[in-house]
Amino acid sequence: YAAPALLLLFFLVLWQAAVAVFALPHYILPSPIRVFQTLGQSWDILLLHAGRTLVEVLAGFGAALAVGFGLAVGITYSRALRRALYPLVIASQTIPVIAIAPLLIVWFGYDMMPKVVMTALIAFFPVVVNTVDGLEATDPDLLDLMRLLQADWWQTFRKARFPAGLPFIFSGLKIAAAVSVIGAVIGEWVGADRGLGFLMIRANAQLRTDLIFASIVILSAMGILLFLAVCALERISMPWERGNEG
């Protein structure tokens, strides 16, 4: 981790120097020092709004995982579902998600539900596509062996398809974890009374650019922690991969 840490430090030093040399006003581009000062001074406010955003992210990510995994299993085992639903799942990604946000506010109000749905919509696609690819990547010889042993679909799924698909599934989950924060923030931008997205809109109206950057720092940390949590779950779920690394 030394290389990315040094690169980030170099970027922060360059940023601080640019603000000082060009005498940029803080409402245009605050210095990193000012941003970290704002983090410390407004920590209680940031933590209050971050808690709401985190709940929305986790709920949306969990919904995307449950629905996406179930749909992927159905697509894998049913030709009819694959023909009917898989093209629609792919086509759904051509719709700008931010265009749906106002409709969700109209349908579900200003509570948490629109943000959870928005997060689930963004995290849904990588979960479905990667899970389908993983379940279908099972070694054909292994599937033939399961048929020879007269295993039913559940035994084949549990003993063959699911373990073989785990690397693909976790790849999708890591992508979903990284982008799930985006959905919650977009939903809060459109309409909310709490959350980091709401705080950023309010700070923008007050020319508090330092508070916007402080919110971005917390959002980035939230996404990184969720990504690392998925990575930790991956290592626990696939102990044989740790053995291969050794």
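Val132 is placed in helix H6, which covers residues 113–136; helices (H or I, at least four residues) and strands (E, at least two) are DSSP runs, numbered from the N terminus. The structure is a predicted model, in which local features need pLDDT of at least 70 and side-chain atom pairs count only at pLDDT 80 or more, while totals for chains, interfaces and linings use all residues. Residues are numbered from 1 along each chain as its sequence is written, and side-chain values use heavy atoms, with hydrogens and water left out.

Val132 has a relative accessible area of 0% and is therefore buried; the term buried denotes under 20% relative accessible area, exposed over 50%, and partly exposed in between (1.4 Å probe, protein chains only). When neighbours within four places in sequence are left aside, Val132 is in contact with Ala72, Ile75, Thr76, Arg82 and Tyr86, contact meaning heavy atoms within 4.5 Å. Between the C-alpha atoms of Val132 and Ala151, which are 19 residues apart along the chain, the separation is 21 Å.

The chain contains 11 helices and zero strands. Its C-alpha trace spans about 75 × 50 × 30 Å along the principal axes. Of the 246 residues in the chain, 39% are buried. Among contacts between residues at least 6 apart in sequence, 73% join residues at least 24 apart.

Helix H8 comprises residues 153–190. Although H8 has 38 residues, its end C-alpha atoms are only 45 Å apart, short of the 56 Å that a straight helix would reach at 1.5 Å a residue; the expected span is 1.5 Å times one less than the number of residues. A kink of about 50° is located at Leu166 in H8, shortly before the proline Pro167, the bend at a residue being the angle between axes fitted to the seven residues ending there and the seven starting there. At the start of H8, the backbone nitrogen of Trp154 has a side-chain oxygen of Asp152 within 3.2 Å.

The largest nonpolar core holds 40 residues, of which Leu46, Val128, Leu173, Leu196 and Ile218 touch the most other members. A nonpolar core is a set of buried Ala, Val, Leu, Ile, Met, Phe, Trp, Tyr and Cys residues joined through side-chain atoms within 4.5 Å. At least two residues of this core are supplied by each of helix H3 (43–77), helix H4 (79–91), H6, H8, H9 and H10. H8 provides the largest share, nine residues. Leu173 touches Phe61, Leu65, Val127 and Val230, residues up to four places away in sequence not being counted. Another core, of five residues, lies apart from the largest one and includes Ala101, Met118, Ile122 and Ile186.

Nine aromatic pairs are present in the structure. Rings of Phe, Tyr and Trp (its six-membered ring) pair if their centres lie within 6.5 Å, and planes under 30 degrees apart count as stacked, over 60 as edge-to-face and the rest as tilted. The ring centres of Phe69 and Phe162 are 6.0 Å apart and the ring planes are at 90°, so this pair is edge-to-face. Phe69 in helix H3 and Phe162 in helix H8 are 93 residues apart, and their pair thus links distant parts of the chain. Phe69 is partly exposed, at 22% relative accessibility, as is Phe162, at 30%. The rings of Trp153 and Trp154 likewise form an edge-to-face pair, because their centres are 6.0 Å apart and their planes at 70°. Trp154 counts as partly exposed, with 43% relative accessibility. One aromatic cluster is formed by Phe69, Tyr77, Trp153, Trp154, Phe157 and Phe162.

His49 is located in helix H3. With a relative accessibility of 6%, His49 counts as buried. Residues up to four places away in sequence aside, His49 touches Arg194, Gly195, Leu196, Phe198, Leu199 and Arg202.

Positive phi values occur at two loop residues other than glycine, Ala23 and Leu207. Phi of Ala23 is near 50°, and this residue lies in the loop between helix H1 (2–21) and helix H2 (32–41). Ala23 is exposed, with a relative accessible area of 59%. For Leu207, phi is about 60°; the residue is found in the loop between helix H9 (196–205) and helix H10 (209–237). Leu207 is exposed, its relative accessible area being 51%.

Notes: Polar contact = N/O pair within 3.5 Å; in protein donor to acceptor, adjacent residues only side chain to side chain.
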